[in-house]
Amino acid sequence: MANEEDDPVVQEIDVYLAKSLAEKLYLFQYPVRPASMTYDDIPHLSAKIKPKQQKVEIEMAIDTLNPNYCRSKGEQIALNVDGACADETSTFSSKLMDKQTFCSSQTTSNTSRYAAALYRQGELHLTPLHGILQLRPSFSYLDKADAKHREREAANEAGDSSQDEAEEDVKQITVRFSRPESEQARQRRVQSYEFLQKKHAEEPWVHLHYYGLRDSRSEHERQYLLCQGSSGVENTELVKSPSEYLMMLMPPSQEEEKDKPVAPSNVLSMAQLRTLPLADQIKILMKNVKVMPFANLMSLLGPSMDSVAVLRGIQKVAMLVQGNWVVKSDILYPKDSSSPHSGVPAEVLCRGRDFVMWKFTKSRWVVRKEVAAVTKLCAEDVKDFLEHMALVRINKGWEFILPYDGEFIKKHPDVVQRQHLLWMGIQAKLEKVYNLVKETTPKKPDGQSGPAGLLSGDQRIQAAKTKAQQNHAVLERELQRQKEQLHTSMVLPGVQIKEEPLSEEGEDEDEQGAEEEEPMDTSPSDGLSNRLTNGLPAGRAAGGDSFSGHPPPGCASAPAARELRAFVEATFQSQFVLTLSELKRLFNQHVASLPRGHVLFSGISDHMLQDTVLAAGCKQILVPFPRQTAASPNEQKVFALWESGDMSDQHRQVLFEIFSKNYRVRRNMIQSRLTQECGEDLSKQEVDKVLKDCCVSYGGMWYLKGTVQS
């Protein structure tokens with residue numbers, strides 16, 4: 001009270017809010033000048049503005065008669081900028097730097113706290129500012145001088161180099177057609193710095209007229225800074241009750257919340273979480289945790305939460321996998337988003353992650369290579385999927401991160417049934433998109449506490465080896481049966497090689513063998529020739545039905561057999577590895593190049609060609625193709641030259657042994673096995689020669705020729 005008595009109110013001033021120029025009033029801040037000189041005294045030659053960018057350029061005259069002005073320097077600058085010849089495009093038409101350009105920049109983006117005040121007749125009139133611009137000298141004329149200098153130097157160099165030339169040299173140009181731009185690429189282009197700069201440059205300038213301080217038009221516009229309504233209609237913003245005025249001076253907590261440090265995206269405040277609706281709480285928890293049992297979710301939400309409401313909410317954002325809840329893919333990958341690793345759109349990512357979740361509904365183990373082969377996604381994306389819901393186990397694969405929750409399954413059979421129907425719909429979509437083989441899910445016994453039919457990684461490997469051995473025995477029998485048919489069948493005439501279908505049993509076994517992709521086997525060989533038993537049978541090699549000049553009865557003539565044998569030997573001496581499909585293509589080309597009436601026009605069957613290949617010292621390599629291979633049966637039959645008589649025979653035999661157990665192999669594994677089998681003195685050039693002769697590289701892996709599937 002004592003302070004208030006010592007500081008009495010001297011005068012009360014009415015405050016008015018003028019809005020006539022509220023959206024048009026800018027404050028220009030010029031560079032500092034001497035007090036004796038104002039910018040109003042300097043002639044303004046021109047002014048222009050870009051309203052959207054709030055960018056202004058003002059051209060002002062320079063007093064060249066001032067004793068402080070250096071005339072020689074002004075002439076030199078004009079000469080550097082415009083050159084000796086002045087024309088309409090010259091910056092300084094008087095051959096003297098007689099003007100200067102000021103360019104604006106925004107001082108602040110939020111001008112709501114600033115206003116222009118005009119005090120008149122005991123009243124204070126406030127007009128909100130639309131923008132505050134600082135004007136600084138622009139030195140763009142120096143860039144023009146540098147450009148002129150470079151043009152003169154380029155012209156001089158071109159003149160010196162082209163004095164003796166009559167015409168310019170013809171240059172080859174490359175024409176490229178742009179591909180249709182995707183929506184994602186368009187968004188990146190629109191957000192790029194170059195695009196924004198180009199867009200700003202395209203905005204047209206609006207030319208302004210400058211009126212001085214004492215001009216009548218300025219005096220007229222200045223009247224708009226006064227509040228036009230004398231009755232106070234326009235001043236309702238300033239008429240507030242004491243409580244409203246106090247609220248304006250001290251707003252509740254909005255400003256304080258803005259000043260709080262932002263927590264990391266992976267940190268969740270449970271106190272703030274419980275203030276949200278139940279659906280948002282469940283969504284945020286599942287998005288952060290990814291996989292959670294229902295009991296844990298209830299404990300996080302609090303004991304007072306209704307379990308029925310939680311069950312209803314969790315089914316909107318998660319799917320049931322092995323009795324646990326896994327967040328839905330479209331929650332993690334919303335529409336219009338993309339992969340940070342490969343740029344793949346969200347739709348493809350959701351489909352690939354749904355495939356991983358679906359695989360975990362069938363088994364506790366998933367193999368990453370199998371997922372990548374089916375989804376065709378990069379390794380980083382597949383790894384992200386698996387890390388959301390599984391843990392990696394060495395030599396076994398990825399195991400689901402949580403144990404099977406049999407208690408939830410028994411307690412909520414209606415939810416389990418509903419989720420089962422949803423998974424059936426997802427399975428149908430995945431089978432259609434990825435061309436999966438339709439599966440039937442076996443029912444679990446009532447007393448079983450976990451999913452049935454789970455196999456460890458070792459069991460899977462052993463099962464694959466057993467199936468490969470069974471397939472080998474079947475192929476041996478089929479080869480012997482084809483030999484017997486060859487003796488009794490008659491050869492039909494024709495140029496093209498005829499297709500001869502195999503038995504249904506053999507085809508089924510071939511498909512099963514191609515579906516198993518066995519892991520890399522680098523154990524030392526006890527006898528390479530014995531390991532590749534799928535070559536020429538011992539009985540056939542020792543028998544008298546070789547094509548060394550004496551073909552078996554019922555086959556083509558002896559000259560045709562010799563010509564076929566010569567073609568096969570010459571082809572494998574240069575190719576070393578060929579699939580049956582590629583060999584047939586080369587043979588058809590060879591026959592087409594022969595003259596009419598040649599002995600090979602008598603007709604060569606599929607079996608004759610394969611028998612000739614085996615009799616010529618080649619062997620069939622049973623390459624374990626992956627399950628979802630697109631290779632035809634003829635493309636899965638791979639033949640390789642076993643002995644060619646050179647120093648690399650042993651190296652190739654080791655390589656064929658490796659590929660009889662692996663569809664694709666890394667180079668370091670091949671080199672390690674070759675060094676182990678052939679000695680430590682194996683050079684890099686020898687390894688390169690073997691790989692070049694028999695293999696191709698694709699995506700960092702090595703494949704036998706003709707077996708790689710893009």
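1. Helix 23 (residues 558-575) packs against helix 24 at an angle of about 120°, and their axes are 11 Å apart. That angle makes helix 23 oblique to helix 24. For reference, angles under 35 degrees count as roughly parallel, over 145 as roughly antiparallel, 65 to 115 as roughly perpendicular and the rest as oblique. Axes here are lines fitted to C-alpha atoms, for helices over the stretch in contact, and the angles run from 0 to 180 degrees between N-to-C directions. Helices (H or I, at least four residues) and strands (E, at least two) are DSSP runs, numbered from the N terminus.

2. A word on the model before going on. This is a predicted model, in which local features need pLDDT of at least 70 and side-chain atom pairs count only at pLDDT 80 or more, while totals for chains, interfaces and linings use all residues. Residues are numbered from 1 along each chain as its sequence is written, and side-chain values use heavy atoms, with hydrogens and water left out.

3. From helix 23, Leu564, Phe567, Thr571 and Phe572 meet Leu583, Leu586, Phe587 and His590 of helix 24, where contact means heavy atoms within 4.5 Å. By class, the contact of helix 23 with helix 24 has six nonpolar, two polar and no charged residues. In this scheme Ala, Val, Leu, Ile, Met, Phe, Trp, Tyr, Cys and Pro count as nonpolar, Asp, Glu, Lys and Arg as charged, and the others, Gly among them, as polar.

4. Helix 24 (residues 580-592) also packs with helix 25 (residues 606-615), at an angle of about 105° and with the axes 12 Å apart. Helix 24 and helix 25 are therefore roughly perpendicular to each other. Leu580, Leu583 and Lys584 of helix 24 make this contact with Asp606, Leu609, Gln610 and Val613 of helix 25. The residues of the contact divide into four nonpolar, one polar and two charged.

5. Next come helix 28 (residues 667-678) and helix 29 (residues 684-694), which pack at about 115° with their axes 11 Å apart. Helix 28 and helix 29 are therefore roughly perpendicular to each other, and their crossing is right-handed. Arg667, Ile670, Gln671 and Leu674 in helix 28 meet Lys684, Val687, Asp688 and Leu691 in helix 29. The contact of helix 28 with helix 29 has, by class, four nonpolar, one polar and three charged residues.

6. On to the aromatic rings. The structure holds 10 aromatic pairs; rings of Phe, Tyr and Trp (its six-membered ring) pair if their centres lie within 6.5 Å, with planes under 30 degrees apart counted as stacked, over 60 as edge-to-face and the rest as tilted. The rings of Phe294 and Phe408 have centres 5.5 Å apart and planes at 50°, so this pair is tilted. It links distant parts of the chain, with Phe294 in helix 11 (residues 294-301) and Phe408 in helix 17 (residues 406-411), 114 residues apart. Phe294 is buried at a relative accessible area of 8%, and Phe408 is buried at 4% (buried means under 20% relative accessible area, exposed over 50%, partly exposed in between, with a 1.4 Å probe and protein chains only). Ring pairs also link Phe294, Trp325 and Phe408 into a cluster.

7. Gln322 has phi near 55°, a positive value in a residue other than glycine. Gln322 lies in the loop between strand 11 (318-321) and strand 12 (324-327), and it counts as buried at 8% relative accessibility. Asp336 has a positive phi of about 70° although it is not a glycine. Asp336 sits in the loop between helix 13 (329-332) and helix 14 (346-362), and is exposed, with a relative accessible area of 66%.

8. Last, Glu399 has its place in strand 15 (residues 397-400). At 17% relative accessibility, Glu399 counts as buried. Leaving aside neighbours within four places in sequence, Glu399 is in contact with Phe360, Arg364, Trp365, Met389, Ala390, Leu391 and Arg393.

Key. A crossing is left-handed if the near helix is turned anticlockwise from the far one by less than a right angle, and right-handed if clockwise.
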